[in-house]
Amino acid sequence: MSEREYVLPLDMGVQVRCAHRIEKGRVVGFMVQLEVKEASRWEHVIRYDTAHGFAHCDRYRKDGAVIKTEVHLQFNEARTFAEADIRKRWRMYVKAYRGG
């Protein structure tokens, strides 16, 4: 099994943290997470992952609420979708998180 984790800076104080596990050429688990730096801490804004055995998206609010949505894709496709979605819409997600 191959595991990889990396961080992609998007802007000052905004980054995407990615991790995935590959077995026999297939993604068997992943996490793609948009983070913002707030008061010297990295806070989750949106995270796609397979932590509960299925692909899903968690959207975080500053009040601590989390909205979970299932992603009806195979893990390979869900990971690709997650990275593309966050790269395309990160400004909108950060603005919504910060209350804009």
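This is a predicted model: local features need pLDDT of at least 70, side-chain atom pairs count only at pLDDT 80 or more; totals for chains, interfaces and linings use all residues.
# A sheet, a helix and the residues between them

Phe-30 has a relative accessibility of 5%, so this residue counts as buried. The cut-off for that label is under 20%.

What does Phe-30 touch? Leave out residues up to four places away in sequence, and its contacts include Ala-19, His-20, Tyr-48, Phe-75, Ala-78 and Ala-82. Asp-49, Thr-50, Ala-55 and Arg-79 are also among them. The ring centres of Phe-30 and Phe-75 are 6.4 Å apart and their planes stand at 80°, so the two rings make an edge-to-face pair.

Now move to another ring pair. Tyr-48 and Phe-81 have ring centres 6.0 Å apart and planes at 85°, so this pair is edge-to-face too. Again distant parts of the chain are linked, with Tyr-48 in strand 4 and Phe-81 in helix 1, 33 residues apart. Are the two partners buried or partly exposed? Tyr-48 is buried, because its relative accessibility is 4%. Phe-81 is partly exposed, because its relative accessible area is 39%. The count of aromatic pairs comes to two.

Six strands form an open sheet, in the order 1-2-3-4-5-6, with antiparallel pairing. Which strands stand at the edges? They are strand 1 and strand 6, residues 66-70. Each has a single partner strand, so one side of each is left without a neighbour in the sheet. From one strand to the next, the twist averages 20°.

Look at one end of the sheet. Strand 1 pairs with strand 2 in the antiparallel sense, over nine bridges. Within this pairing, Glu-5 has Ala-19 of strand 2 as its bridge partner. Two residues lie between the strands of this hairpin, and Gly-13 there takes a positive phi near 80°. Now look at the other end. Strand 5, residues 56-60, runs antiparallel to strand 6, and five bridges join them. Here Tyr-60 stands opposite Val-66 of strand 6.

Where does the helix go? Helix 1, residues 75-97, lies across strand 1, strand 2, strand 3, strand 4 and strand 5. The helix runs at about 10° to strand 3.

Which residues build the largest nonpolar core? This core has 22 residues, and those with the most contacts inside it are Phe-30, Val-32, Leu-34, Ile-46, Tyr-48 and Ile-86. Strand 2, strand 3, strand 4 and helix 1 are the elements that give two or more residues to the core. Helix 1 gives the most, with seven residues.

His-20 belongs to strand 2. With a relative accessible area of 10%, His-20 is buried, because the cut-off is under 20%. Besides neighbours within four places in sequence, His-20 contacts Ser-2, Glu-3, Arg-4, Tyr-6, Gly-29, Phe-30 and Arg-79.

Leu-8 is found in strand 1, which spans residues 2-11. Its relative accessible area is 23%, so Leu-8 is partly exposed. Beyond residues up to four places away in sequence, Leu-8 touches Gln-15, Val-16, Cys-18 and Arg-87. Leu-8 and Leu-34 are 26 residues apart along the chain, and their C-alpha atoms are separated by 9.5 Å.

The last stop is the loop between strand 6 and helix 1, where Leu-73 is found. Leu-73 has a relative accessible area of 38%, so this residue is partly exposed. Leaving out residues up to four places away, Leu-73 touches Ala-55, Ala-78 and Phe-81. Its C-alpha atom is separated by 21 Å from that of Arg-17, 56 residues apart along the chain. And the walk ends where it began: Ala-55 and Ala-78 are among the contacts of Phe-30 as well.

Notes:
Residues are numbered from 1 along each chain as its sequence is written. Side-chain values use heavy atoms; hydrogens and water are left out. Helices (H or I, at least four residues) and strands (E, at least two) are DSSP runs, numbered from the N terminus. Buried means under 20% relative accessible area, exposed over 50%, partly exposed in between (1.4 Å probe, protein chains only). Contact means heavy atoms within 4.5 Å. Two strands pair if DSSP finds at least two bridges between them. Axes are lines fitted to C-alpha atoms, for helices over the stretch in contact, and angles run from 0 to 180 degrees between N-to-C directions. Rings of Phe, Tyr and Trp (its six-membered ring) pair if their centres lie within 6.5 Å; planes under 30 degrees apart count as stacked, over 60 as edge-to-face and the rest as tilted. A nonpolar core is a set of buried Ala, Val, Leu, Ile, Met, Phe, Trp, Tyr and Cys residues joined through side-chain atoms within 4.5 Å.
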